Amino acid sequence: GLNTLKEIDKINLSYGCKVNLIKDSRLKSKSIHKQYKEIEKFKSEVLKFDHNLKFSNNIIDKIFNKNE
């Protein structure tokens with residue numbers, strides 16, 4: 001169940017693994033930021049083209065902490 005997935009997330013972090021954000025929609029913003037060290041660069045690039053995050057989706061919302 002959910003506890004098993006949480007344990008897998010911990011193992012992923014300990015080995016430096018990155019989940020596929022498209023395939024794993026249950027991943028929380030905090031975990032995304034821990035797994036993707038370059039996330040701040042990605043965020044700044046997104047904001048260059050979409051200052052108000054008008055074009056958003058579930059993944060962008062998590063990256064920018066809009067839904068948590």
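Does Lys48 count as buried or exposed, and at what relative accessibility? At 52% relative accessibility, Lys48 counts as exposed, where buried means under 20% relative accessible area, exposed over 50% and partly exposed in between (1.4 Å probe, protein chains only). The model is a predicted one, in which local features need pLDDT of at least 70 and side-chain atom pairs count only at pLDDT 80 or more, while totals for chains, interfaces and linings use all residues. Residues are numbered from 1 along each chain as its sequence is written, and side-chain values use heavy atoms, with hydrogens and water left out.

The side chain of Lys48 meets that of Glu45 in a salt bridge (3.0 Å, N to O), a salt bridge being a side-chain nitrogen of Lys or Arg within 4 Å of a carboxyl oxygen of Asp or Glu. Both residues lie in helix H3 (residues 39-49), three residues apart, about one turn of the helix; helices (H or I, at least four residues) are DSSP runs, numbered from the N terminus. Glu45 is partly exposed, at 32% relative accessibility. The structure holds seven salt bridges, among them one between Asp61 and Lys66, with the closest N and O atoms 3.5 Å apart. Salt bridges that share partners also join Asp9, Asp24 and Arg26 into one network.

On a 1 Å grid over the protein atoms alone, a pocket is an open set of points with protein on both sides within 12 Å along at least five of seven lines, a cavity is a set where a 1.4 Å probe fits but cannot get out, and lining residues have an atom within 4 Å of a point. The largest pocket holds about 240 Å³ of space, and the largest share of its lining, five residues, comes from H1. For helix H1 (residues 2-15), the end C-alpha atoms are 20 Å apart, in agreement with the 20 Å that its 14 residues should span at 1.5 Å a residue, the expected span being 1.5 Å times one less than the number of residues.

Asp24 is one of the residues lining the largest cavity, in which about 30 Å³ of space lies.

Notes. Helices (H or I, at least four residues) and strands (E, at least two) are DSSP runs, numbered from the N terminus. Grid points are joined across faces, edges and corners, and a volume is the space filled by probe spheres set on the points.
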